[in-house]
Amino acid sequence: MPRASLSAGAVVDVALHLVDAEGPAGLTLSAVAGRAGVATPSLYKHVRSLAELRDLLSARIMNEMADEIGVAVIGRSADEAIRAFMTAWRSYALRHPHRYAALLHSPEPRTAEAGERLITILFATLRAYGLEDSAAVHAARCLRATAHGFVSLETGGGFALPEGLEESYALLTHMVVTGLRTPRTPH
């Protein structure tokens, strides 16, 4: 990459390709600089630190996920939207396991907009169940934790038993949909 075209976005592009090739552990400023064909100090004109680069990278990954999940759920509602949401979430993680592993799951100012996009899509998928306010927040957390937990275990090689993962994920999705359709009783 020529120096003249280096920008914060271009640095994130290089970092994304590096993570795809080497995994999140390979993400260092010197590795990004080497791939960009510049000296490491040149990166500081575009990103202040490795932490900032990780935030920017995470925002990019969240936006990619939001784009894909948004396309998957558009025009669908209720059970069909939840199934599409969960399928798209898993599909992204399986296609890009290193990107998914590099995703920061804690809210950061630089990832707030991308995270908000994902949450908005998630809340939209839950509307058909009549969930509002805190009930929607709790359901969104459960849905996100369910999808994230499964794909994190799957991409990390955490499932060793011979039964097919497609069937397990279909069962998990069925359990989520059934749970959303079952009225919650106050405790």
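Predicted model: local features only at pLDDT ≥ 70, side-chain atom pairs only at ≥ 80, totals over all residues.
Which side chain meets that of R35 in a salt bridge? The partner is E22, with 3.6 Å from N to O; a salt bridge here is a side-chain nitrogen of Lys or Arg within 4 Å of a carboxyl oxygen of Asp or Glu.

Residues are numbered from 1 along each chain as its sequence is written, and side-chain values use heavy atoms, with hydrogens and water left out.

The chain contains 9 helices and 0 strands, and its pattern along the sequence reads α-α-α-α-α-α-α-α-α. Helices (H or I, at least four residues) and strands (E, at least two) are DSSP runs, numbered from the N terminus. Along the principal axes, the C-alpha atoms fill a box of roughly 60 × 40 × 30 Å. Of the 187 residues, 40% are buried; buried means under 20% relative accessible area, exposed means over 50%, and partly exposed lies in between (1.4 Å probe, protein chains only).

Contacts, meaning heavy atoms within 4.5 Å, show how the chain folds back on itself in sequence terms. Among those between residues at least 6 apart in sequence, 68% join residues at least 24 apart. The chain exposes about 10200 Å², and carbon and sulfur atoms supply 58% of that area. Accessible areas come from the Shrake-Rupley method with a 1.4 Å probe, and for residues only the protein chains shown count as cover.

Charge is the next topic. The chain has 18 positive and 19 negative charges, and their mean positions are 5 Å apart. Lys and Arg count as positive and Asp and Glu as negative, with His and the chain ends not counted; each charge is placed at NZ of Lys, CZ of Arg, CG of Asp or CD of Glu. Side chains of opposite charge can pair when their charged atoms come close. In this model the count comes to 11 salt bridges.

One of them is the pair R35 and E22. R35 lies in helix 2 (residues 29–36) and E22 in helix 1 (residues 8–22), so the pair ties together parts that are 13 residues apart in sequence. R35 is partly exposed, at 41% relative accessible area, and E22 is also partly exposed, at 46%.

Another salt bridge joins E68 and R95, whose closest N and O atoms are 2.5 Å apart. Because E68 lies in helix 4 (residues 50–73) and R95 in helix 5, this pair ties together parts that are 27 residues apart in sequence. E68 is partly exposed at 30% relative accessibility, and R95 is partly exposed at 43%.

The salt bridge between E52 and R48 has its closest N and O atoms 3.4 Å apart. Here E52 is buried, with a relative accessible area of 9%, whereas R48 is exposed, at 63%. D20, E64 and R99 are linked in a network of salt bridges.

Two residues stand out in the backbone. Most residues other than glycine have a negative phi. A78, however, has a positive phi near 50 degrees, and it lies in helix 5 (residues 78–95). D133 is not a glycine either, yet its phi is positive at about 50 degrees. D133 is placed in helix 8 (residues 133–155) and is exposed, with a relative accessible area of 64%.
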